[in-house]
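Hello,

Here is the structure I promised to pass on to you.

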Amino acid sequence: MDRNRRIAIEIIALVFLATALYFFVSAKDKSVGSIGRVDVDSGMHEVMGTFARVVAVAADSNTAKKCIEASFAEIKNVEKLMNYHKSDSEISELNRDGFKRAVKVSKSTYETIEKSIKFSKLSGGAFDVTVGPLVDLWHSAEEENSTPTDAELQQARSKVGYDKLILDGNEESIRFATEGMKVDLGGIAKGYAIDEAVKAMQKGGAVGGMVDIGGEIRCFGSPPAGQNIWRIGLQDPAVAKDVMNTSKPLLILRLTDAAVATSGDYHRFVTIGGKRYSHIVDPESGHSSENLASVTIICPSAIDADALSTAVAVMSKEKGLALIEQMPGVEAILITPAPEFKQIQTAGAEKFIER
Ligand code: ADP
Ligand code: MG
């Protein structure tokens, strides 16, 4: 492997290690045994613009390995369909032709977009997968090293709006009402992929498992040998520069069957004039969202956790917390921006935090 490529991979690996959430094993669990079960850890694999890791717990290692293979096949399929940056993905076809004609898409893409619209309505438009033109604008602003002008923001905003998506449920096709619209599933696709990967593992006979894509995690059933529960560390945004995650996590979540996602500006952001701007944009103002340092959502499905963490990151802390508080089975832990880094959470979140 040439030297530059090796260095690039090492840098990506460091970024992966620094994801906001990570599977956490400590020596104190080591006494717990699990008879008649083996666990296999895939290690990190580069996929969906980040790294993914799958752990499968099964009666034998052959079953566990097959479950890992099946879950990666699902993740790669979602990447193939929904990758914003690859010209041969279904999403790119939609973004090219969506205004000219109704584009027929796979069941997976259709359902993900349908679900996105549900979260747009629920969050009063804070979550909106039609933010593509704004995301593009902020990326070119980074290249030019100057923030977008009001006119540019206005121009991009005129092409944003989930209400401009025209869905045909019979055909499973999508059309754009406005020219120049673009769908970016970056705030929800990883969650969808995790749920599909978990389904594949359960179908394949795993009695437990964990799927982690870029620090978004879902776990189910038996944890690996030596542990009595799945423990997920939440990185402290105040020490987020610690790329190796060597410092103490802010807290550890104890989960059985649950998904957890964190949105924050830790590791994905654009830098313009030395200032960091979150990669999450407020569809209404067009500006990058700076309301919260991080938002962690815990709930049964990864797609919901993914979309809701992005949604709440755009909303004010009061409105975001109120939204999650009224959703049964969903909990949130919010960290306010620097320098306070104050932790606020829904009433039911405490039961998941290790004390
Ligand atoms: P991460 O990719 O770090 O897991 P998120 O799940 O919060 O973070 O997703 C952020 C991505 O979602 C952005 O990179 C962009 O592609 C997309 N996005 C940005 N703003 C919004 C928004 N308001 N609604 C929906 N998607 C968004
Ligand atoms: Mg998200």
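This is a predicted model: local features need pLDDT of at least 70, side-chain atom pairs count only at pLDDT 80 or more; totals for chains, interfaces and linings use all residues.

**The ligand site**

The shell around ligand 1 is made up of 18 residues, and those that come nearest are Asp-184, Lys-190, Ser-263, Val-281 and Thr-310. Sorted by class, the shell has seven nonpolar, five polar and six charged residues.

Thr-310 places a polar side-chain atom 2.8 Å from an oxygen atom of ligand 1. For Lys-190, a polar side-chain atom lies 2.9 Å from a ligand oxygen. In the side chain of His-279, an N or O atom is 3.0 Å from an oxygen atom of ligand 1. Taken alone, ligand 1 exposes 580 Å², and the protein buries 92% of that area.

Which helix gives the most to this shell? That is H8, spanning residues 302-314, with three residues.

**Helix H8 and its partner H4**

Helix H8 also packs against helix H4, which covers residues 107-122. Their axes are 11 Å apart, and the angle between them is about 45°. An angle between 35 and 65 degrees counts as oblique, so H4 and H8 are oblique to each other. Their crossing is right-handed.

Phi of Asn-145 is near 55°, which is a positive value in a residue other than glycine. If you are checking backbone torsions, this residue is one to include.

How do the axes of H5 and H6 lie, and at what angle do they cross? They come within 8 Å and cross at roughly 150°. Angles over 145 degrees count as roughly antiparallel, so that is how H5 and H6 run relative to each other. The crossing of H5 and H6 is right-handed.

**A cis peptide bond**

One more backbone detail is in another loop. The peptide bond from Ala-338 to Pro-339 is cis, its omega being near 0°. Pro-339 sits in the loop that lies between strand E16 (331-335) and strand E17 (343-345).

Best wishes

Note on methods:
Residues are numbered from 1 along each chain as its sequence is written. Chains are lettered from A and ligands numbered from 1 in the order in which they are written. Side-chain values use heavy atoms; hydrogens and water are left out. A residue is near a molecule or strand if one of its heavy atoms lies within 4 Å of it. A polar contact is a pair of N or O atoms within 3.5 Å; within protein, one must be able to donate a hydrogen and the other to accept it, and residues adjacent in sequence count only if both atoms are side-chain atoms. Accessible areas come from the Shrake-Rupley method with a 1.4 Å probe; for residues, only the protein chains shown count as cover. Helices (H or I, at least four residues) and strands (E, at least two) are DSSP runs, numbered from the N terminus. Ala, Val, Leu, Ile, Met, Phe, Trp, Tyr, Cys and Pro count as nonpolar, Asp, Glu, Lys and Arg as charged, and the others, Gly among them, as polar. Axes are lines fitted to C-alpha atoms, for helices over the stretch in contact, and angles run from 0 to 180 degrees between N-to-C directions. Angles under 35 degrees count as roughly parallel, over 145 as roughly antiparallel, 65 to 115 as roughly perpendicular and the rest as oblique. A crossing is left-handed if the near helix is turned anticlockwise from the far one by less than a right angle, and right-handed if clockwise.
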